[in-house]
Amino acid sequence: MRCNEINYGTYDCAYNIMPPFKTGTFPEFRYVAIDKCLLKEVIDLWEQGIKTTGCCCGHGNKDMAFIGARFEDIDKMKSLGYKVHFNKCRPDDEDSFIPKTILDYREIYKGFNWWTENK
C-alpha cells in the first residue's frame, strides 16, 4: 500500500511514538502518531528543542502536508528556514509549517500495525 492510498485519520502509515515533552494539558506523557515519512524530520526538530503539535504528510497531496509547532517555537522554526503553511481554517495563525522532507509517497510497510492481533 502507498501512503497516498491511505485515508486521513486511519494512521495506517503512522508510528505511535512518545515525544520528549508533555503534550496538551495532560499531566503524564502521551504517545503521538507521526506519519512514517515525517518521522525523522519531527525527531530532528525535537532534538533541536522544538515542540511539535501535530503533523501530516498529506497522503498524496503535498499541499496538505504540514508540521505544527507550539506558539513559543514559531520563531525557532522560521530561523531554521521553515516556511509557514497557510491554514484556511485559521488564516491568522502561523504555527503550521511546510515540511522539508521530500514526500514521494512510496510503498509504506511497517512490518506490523498496533491493532493487528499477534498470531
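The protein has two helices and five strands, these being DSSP runs numbered from the N terminus, with at least four residues (H or I) for a helix and at least two (E) for a strand. Read from the N terminus on, the order of elements is β-β-α-β-β-α-β. The model is predicted, and local features need pLDDT of at least 70, side-chain atom pairs count only at pLDDT 80 or more, and totals for chains, interfaces and linings use all residues. Residues are numbered from 1 along each chain as its sequence is written, and side-chain values use heavy atoms, leaving out hydrogens and water.

Of the 119 residues, 33% count as buried, meaning under 20% relative accessible area, with exposed being over 50% and partly exposed in between (1.4 Å probe, protein chains only).

E41 is buried yet has no salt bridge, and K100, the nearest side chain of opposite charge, is 6.5 Å away. A salt bridge here is a side-chain nitrogen of Lys or Arg within 4 Å of a carboxyl oxygen of Asp or Glu; Lys and Arg count as positive, Asp and Glu as negative, while His and the chain ends are not counted.

What does the side chain of E41 make with the side chain of Y82? It is a polar contact, at 2.7 Å, and the side chain of E41 makes another such contact with the side chain of T101, at 2.4 Å. A polar contact is a pair of N or O atoms within 3.5 Å; within protein, one must be able to donate a hydrogen and the other to accept it, and residues adjacent in sequence count only if both atoms are side-chain atoms.
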